[in-house]
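Q: I would like to learn how to read aromatic pairs in a protein model. Could you guide me through one case?

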Amino acid sequence: MASNKPFLGEDISINIAHTRQLTENLCYHFLKRLPEEAGLTSYGSPIIHAFPNKHVLTENGISGLQMMVESHAGFHDWPGGRPSCLKPYTHITISSCSPINIDRVLAFIEEIFVTTEITWDRMLWRNPENE
């Protein structure tokens, strides 16, 4: 059923189990190319942080953020998994006021991460005044 409500934007949440050992360099290039694959526009360069580091000793993995003209994309990778899943796991979010090309994004993710499982959800932005 089609909605008669205007498109304001969307958030895509992607969960990935994978076999690839990620590096800061790989994550940088992944985030640099992600907006183009999503049909969006990069704004600046990706920001990547590896953990643990001198400021954060309690986390393990790599986090990244890419600003876009339409909003942003971010991720965190846990190379040793999470307590409920002890395999490498990555969570990616893409937030945009323009439609996201999810088919191209998923194909790109499968190429980069060598995925063993991938799930995703879409949440449309809503103006509470229109509800």
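**Reading aromatic pairs**

A: Of the 131 residues of the chain, 37% count as buried. Please keep in mind that this is a predicted model.

Q: Which elements does the chain contain, and in what order do they run?

A: The chain has two helices and six strands. From the N terminus on, their order is β-α-β-β-β-β-α-β.

Q: How is a pair of aromatic rings described?

A: In general, one states the distance of the centres and the angle of the planes. This structure holds four aromatic pairs. In one of them, Phe30 and Phe75 lie 6.2 Å apart, centre to centre, with 90° between the planes, and the pair is edge-to-face.

Q: Which parts of the chain does the pair of Phe30 and Phe75 tie together?

A: Phe30 belongs to helix 1 (residues 24–38) and Phe75 to strand 4 (residues 71–78), so the pair ties together parts that are 45 residues apart in sequence.

Q: Are Phe30 and Phe75 buried or exposed?

A: A residue counts as buried if its relative accessible area is under 20%. Phe30, at 2%, is buried, and Phe75, at 6%, is buried as well.

Q: What kind of pair do the rings of Phe30 and Phe113 form?

A: Their centres are 5.0 Å apart and their planes stand at 85°, so this pair is edge-to-face. It links helix 1, which holds Phe30, with helix 2 (residues 102–113), which holds Phe113, 83 residues apart. Phe113 is buried, with 1% relative accessibility.

Q: Which residues form the aromatic cluster?

A: One cluster is made up of Phe30, Phe75, Phe108 and Phe113.

Methods: Residues numbered from 1 in each chain as written. Predicted model: local features only at pLDDT ≥ 70, side-chain atom pairs only at ≥ 80, totals over all residues. Heavy atoms only, no water. Helix = DSSP H or I, 4+ residues; strand = E, 2+ residues; numbered from the N terminus. Buried < 20%, exposed > 50% of the residue type's maximum accessible area, 1.4 Å probe, protein only. Phe/Tyr/Trp six-rings, centres within 6.5 Å; stacked < 30°, edge-to-face > 60°.
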